[in-house]
Amino acid sequence: MAANSTLFSPYKMARFNLSHRVVLAPMTRCRALNGIPNAALAEYYAQRSTPGGFLISEGTLISPTAPGYAHLPGIYTDEQVEAWRNVVDAVHAKGSIIFCQLWHVGRASHPVYQPGGVAPISSTSNPISEKWKIFMPDGSPSVFPEPRALTTAEISEVVQDYRQSAINAIRAGFDGVEIHGAHGYLIDQFLKDAINDRTDEYGGSLENRCRFLMQVVEAVASAIGVERVGLRISPATDNMDAVDSDPLGLGLAVIERLNKFQKEKGTKLTYLHVTQPRFTFEEPLSRNEEDRVYMEKWRKGYEGTFMCSGGFTRESGMEAVAQSHADLVSFGRLFISNPDLVSRFKLNAPLTKYDRNTFYTHDLVIGYTDYPFLPAQ
């Protein structure tokens, strides 16, 4: 990394030339009514686009079994692909690059969201504890049901769902994809030893628990090219009981396999995107020494572009880049209420406070596209 880099320094990310390092993090917003991206999504993403900027879409469903919330967009039907094209075109018109985050929630679902009302699939048949709640289509909270553990044979079918969704994303015009392997969702349910209780080749050892992830990476990369693929992981976060007994070791194990994969292919992934340990889905917590050690070791271990996320501010983001702890920093909550976040950061201007109550509502304007921009300078 060049000396004295900041959030506003240009960066070469695989084939892409970025003009700054402030990335739109993937965020569920529940505005794709009936699973179809609409004009509001095009406006939302275009508002947050800048020349040479990088955006990652909200989690986008890879199959009919993938949802765990209402009104999430998919990328598995021709209608969805065509609808996404309008969104991508709006982003490209502003000069930004956009990746599609490929998502399957696994056991973080409910029969109400599943075809035929069946149990959601996972690595395990154990449900998420009652500490966590799932929200029904009417907004009421409920407990997570018992999932159904995928058979060994079925896992390859899910891998193919990721592969086909990646192909569909490129058809829709996306510049690449991010595989969502974090935050207690399906891939994370295979990675974490507090969840994965399998006795086949996908459970037990670190090698086995990483197998599903690496099969997805291989399938997606072979379909669209290694240099169009990013991956998000969160080895140390505990969202929806996704705990591991050795988070540092788990992160290093994934990184070791990614490095080996990249050497074999002779090409690096676009990036590795890691959620810092103290991230929460409520409010960000301050980092402690353990967090710092984890992130620095993962950063040092990975041979490629390293992006971090999880409660960063302008100041902590600037520090992360200046100290070479990250090449890129993704921002979520702050980007929700500040569509011109890049400009505000550059000017060190005041930020608009977000309204948590409208994060996941289905209104196509309020709390979505109606946050103010700075007055013209």
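Helix H7 gives the most to the lining of the second largest cavity, with 3 residues. The model is predicted, and the count in it comes to 2 cavities of 30 Å³ or more. The second largest pocket has a volume of about 230 Å³. A search of the whole structure finds 17 aromatic pairs, while the number of disulfides is 0.

**Second largest cavity**

- The space in the second largest cavity is about 30 Å³.
- Its lining consists of Gly181, Asp188, Leu191, Ile233, Ser234, Pro235, Leu250, Gly251 and Val254.
- Two or more lining residues come from each of helix H4 (186-191) and helix H7 (247-265).
- By class, the residues lining the second largest cavity are 5 nonpolar, 3 polar and 1 charged.

**Second largest pocket**

- The second largest pocket, at about 230 Å³, is lined by 14 residues, and those closest to its centre are Asn34, Gly35, Tyr69, His71 and Leu72.
- The lining of the second largest pocket divides into 9 nonpolar and 5 polar residues, with no charged residues.

- Most residues other than glycine have a negative phi.
- Asn34 is not a glycine, yet its phi is positive, at about 60 degrees.
- Asn34 sits in the loop between strand S3 (22-24) and helix H1 (39-47).
- Asn34 counts as exposed because its relative accessibility is 69%, and the cut-off for exposed is over 50%.
- His71, also a residue other than glycine, has a positive phi near 60 degrees.
- The loop that holds His71 runs between strand S4 (54-61) and helix H2 (78-93).
- With a relative accessibility of 25%, His71 counts as partly exposed.
- Asn34 and His71 are both among the residues closest to the centre of the second largest pocket.

- Among the 17 aromatic pairs found in the whole structure is the edge-to-face pair of Phe54 and Tyr271, with 5.7 Å from centre to centre and 70 degrees between the planes.
- Phe54 belongs to strand S4 and Tyr271 to strand S12 (residues 271-275), so this pair ties together parts that are 217 residues apart in sequence.
- Phe54 counts as buried because its relative accessibility is 2%, and Tyr271 counts as buried at 0%.
- Tyr271 also pairs with Phe99 in a tilted arrangement, with 5.9 Å from centre to centre and 35 degrees between the planes.
- Phe99 lies in strand S5 (residues 97-103) and Tyr271 in strand S12, so the pair ties together parts that are 172 residues apart in sequence.
- Both Phe99 and Tyr271 are buried.
- One aromatic cluster is formed by Tyr44, Tyr45, Trp84, Phe174 and Tyr368.
- Lys353 lies over the face of Tyr354, and its distance from the ring centre is 4.1 Å.

**Cysteines**

- A disulfide is a covalent bond between the sulfur atoms of two cysteines.
- The structure holds 0 disulfides.
- For Cys100, the closest cysteine sulfur is that of Cys30, at 16 Å, which is too far for a bond; the cut-off for a disulfide is within 2.5 Å.
- Cys100 is buried, with a relative accessible area of 0%.
- Cys210 counts as buried because its relative accessibility is 1%.

**Val143**

- Val143 is placed in the loop between strand S8 (141-142) and strand S9 (148-149).
- At 35% relative accessibility, Val143 falls in the partly exposed class.
- From C-alpha to C-alpha, Val143 and Pro277 are 25 Å apart in space, and in sequence they are 134 residues apart.

Technical notes:
Residues numbered from 1 in each chain as written. Predicted model: local features only at pLDDT ≥ 70, side-chain atom pairs only at ≥ 80, totals over all residues. Heavy atoms only, no water. 1 Å grid on protein atoms, 1.4 Å probe; cavity = no way out; pocket = protein on both sides within 12 Å on 5 of 7 lines; lining within 4 Å. Points joined across faces, edges and corners; volume = space filled by probe spheres on them. Nonpolar A, V, L, I, M, F, W, Y, C, P; charged D, E, K, R; others polar. Helix = DSSP H or I, 4+ residues; strand = E, 2+ residues; numbered from the N terminus. Buried < 20%, exposed > 50% of the residue type's maximum accessible area, 1.4 Å probe, protein only. Phe/Tyr/Trp six-rings, centres within 6.5 Å; stacked < 30°, edge-to-face > 60°. Lys NZ or Arg CZ within 6 Å of the ring centre and 35° of its normal.
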